[in-house]
Amino acid sequence: MTANQQTGEGVRTRFAPSPTGFLHIGSARTALFNWAYARRTGGTYVLRVEDTDRDRSTEESERQLLEGLAWLGIDWDEGPFRQSERGARHREAVAELLETGQAYRCICTRDELEVRRQETIAAGGKWTYDGLCRDREYAADCGEHTVRLRLPETGWLGWDDLVFGPSGQDASEIGDRIIARADGTALYHLAGVVDDLDMDISHVIRGADHQPNTPLHVAIYRALDADPPEFAHVPLILGDTGKKLSKRRDPVSVQHFRDEGYVADALRNWIVRLGWSHGDQEVFSRDEIADLFDLEGVGRSGARADADKLAWLNHHYIQHMDLAELLPLTSPYLERSLGKPVETSPAIAKLVDLNRLRGKTLVELAGHTAWLARDEVVFDPKAARKNLTPDAGVLLRDLAARLAVAPAWDEASLAAVFDAVAAEREVKMGKVAQPVRVALTGGTVSPGIYETLEVVGRDLSLARIEDAAARAVKGEFSS
RNA sequence: GUCCCCAUCGUCUAUCGGUUAGGACAUUGGCCUUUCAAGCCAAUAAGGCGGGUUCGAUUCCCGCUGGGGACGCCA
């Protein structure tokens with residue numbers, strides 16, 4: 001029976017990251033699963049920052065963490081609590097365990113331990129703490145010492161994992177582990193259990209890398225005379241090598257993907273499907289995740305992070321998003337690309353809308369849009385050499401003259417002029433449209449030529465075409 | 001090395017003893033076409049191996065092989 005079943009309260013989950021770097025997509029997924037499970041069940045989601053490793057924890061990481069969660073739309077109901085602020089409570093728990101005899105003081109030093117460990121392994125044995133201090137009953141004044149949990153000699157430390165089913169290990173495999181350092185502070189295992197207990201956490205959903213720790217945690221719950229929560233271990237996210245994602249090898253931070261131009265909806269959708277499925281459904285909005293997520297849909301084998309799938313999802317969301325939502329998301333990338341602030345004019349907005357089919361990321365979308373925001377056309381040498389030949393220049397000059405007297409600047413009128421030029425010169429439409437495209441944008445990629453002309457507008461279009469024509473005729477782009 | 005875990009198309013996965021083994025991404029071909037895309041259509045592609053259990057195994061059990069994770073006074 002779990003704590004929450006005893007108290008009759010609802011589901012309470014938590015995300016307990018340590019602020020020692022950026023928000024990792026593996027952590028983000030754990031956060032998402034916990035969030036989703038709480039939302040689905042009408043439970044409560046708690047955020048707890050495990051910053052007890054003072055050497056590695058930084059405020060900057062914590063800021064990044066919260067920012068990443070907010071960006072992904074993962075909101076919490078309680079917290080953020082900081083484990084570092086609960087030191088007194090952890091000390092109290094250690095004292096209690098010492099009192100009840102469930103723990104004892106150990107004066108073995110790291111060096112001594114290491115020597116004995118090596119000896120045991122060399123002799124072909126397997127090392128767990130050898131229990132030298134186990135029955136010595138050292139008092140508080142024994143000098144520098146750690147505190148170890150006193151495990152039963154044997155006995156099954158098991159739990160029924162909500163993903164992996166019956167799991168566990170025998171106490172003899174684990175040995176008496178340290179729960180408090182020589183300086184008196186508690187280790188993660190003890191602190192985490194105490195916090196989960198105090199915060200009445202009912203379901204601990206965490207990465208499978210924690211599986212080997214769970215027997216010890218079960219033992220700590222027992223020593224504290226408490227019932228363990230439900231545990232659900234989630235298979236790890238793997239990199240291209242098939243190994244656990246590594247900071248060195250793989251792109252892992254949420255911030256990284258954000259910088260690369262992936263939208264939050266896509267990243268969230270991507271990671272939720274890494275290890276979880278719901279029939280054949282591939283696309284899940286934030287609300288659907290909160291609505292449909294369950295632990296039964298979580299698989300048991302590691303999932304390789306597939307960048308192509310992320311790109312596809314990103315494309316999907318960029319296409320289906322309201323333009324009003326897409327524009328502000330695109331602006332920063334446009335400004336980055338241009339190196340200056342950009343005002344989102346109606347023309348820019350229209351071009352972004354037309355270009356959304358043409359990019360997998362906001363970076364690409366911005367890249368395809370930037371030309372309109374530049375004062376001067378920047379020609380791609382290759383595109384210009386191929387399309388702005390002297391012959392093309394003559395054609396463009398003719399075309400510009402006719403466009404200048406076109407009755408209107410709309411698709412029908414523009415098409416009539418293009419058709420006429422193509423017919424009279426007996427060339428394919430491509431020979432007309434492509435030079436215009438390069439004249440207007442400097443490159444070979446843009447929306448349909450009439451749409452592009454409309455977006456650029458009559459005056460600027462004529463100016464750019466005439467300018468490019470003049471330079472092309474002079475052979476400026478030929479070599 | 002020890003302990004634990006996992007195993008369906010290249011990848012993410014569906015299947016909860018009986019299916020022509022389904023979907024998605026990627027790939028390939030076709031259509032469309034003024035560029036690049038997108039879109040549409042189609043194709044290729046999977047139960048690691050060996051034993052059981054069963055009328056019947058991808059599905060249950062065992063072994064092997066392969067892969068992964070954990071082995072801190074980190075979290």
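Angles between axes run from 0 to 180 degrees between N-to-C directions, and they count as roughly parallel under 35 degrees, roughly antiparallel over 145, roughly perpendicular from 65 to 115 and oblique for the rest. The model on screen is predicted, so local features need pLDDT of at least 70 and side-chain atom pairs count only at pLDDT 80 or more, whereas totals for chains, interfaces and linings use all residues. Residues are numbered from 1 along each chain as its sequence is written, chains are lettered from A and ligands numbered from 1 in the order in which they are written, and side-chain values use heavy atoms, with hydrogens and water left out.

Select α19 (429–441) together with α21 (residues 458–473), and you will find their axes 8 Å apart at an angle of about 105 degrees, the axes being lines fitted to C-alpha atoms over the stretch in contact. The two helices, α19 and α21, are therefore roughly perpendicular to each other. Show side chains next: V436, A439 and L440 of α19 meet S461, R464, I465 and A468 of α21, where contact means heavy atoms within 4.5 Å. This contact of α19 with α21 has five nonpolar, one polar and one charged residues.

**Around RNA strand B**

Sugar and phosphate account for 69% of the atoms of RNA strand B that come within 4 Å of the protein.

At S277, an N or O atom of the side chain is 3.1 Å from a sugar or linking oxygen of RNA strand B. Elements giving two or more residues to this surface include α7 (188–198), α12 (307–320) and α20 (449–456).

Move to T109, in the loop between β4 (103–106) and α5 (110–122). T109 is partly exposed, with a relative accessible area of 36%, on a scale where buried means under 20%, exposed over 50% and partly exposed in between (1.4 Å probe, protein chains only).

Finally, select α14 (residues 346–355), whose buried residues are I348, A349, L351, V352, L354 and N355. Their cover includes α13 (323–338), α15 (362–369) and α20.

Note on methods:
A residue is near a molecule or strand if one of its heavy atoms lies within 4 Å of it. A polar contact is a pair of N or O atoms within 3.5 Å; within protein, one must be able to donate a hydrogen and the other to accept it, and residues adjacent in sequence count only if both atoms are side-chain atoms. Helices (H or I, at least four residues) and strands (E, at least two) are DSSP runs, numbered from the N terminus. Ala, Val, Leu, Ile, Met, Phe, Trp, Tyr, Cys and Pro count as nonpolar, Asp, Glu, Lys and Arg as charged, and the others, Gly among them, as polar.
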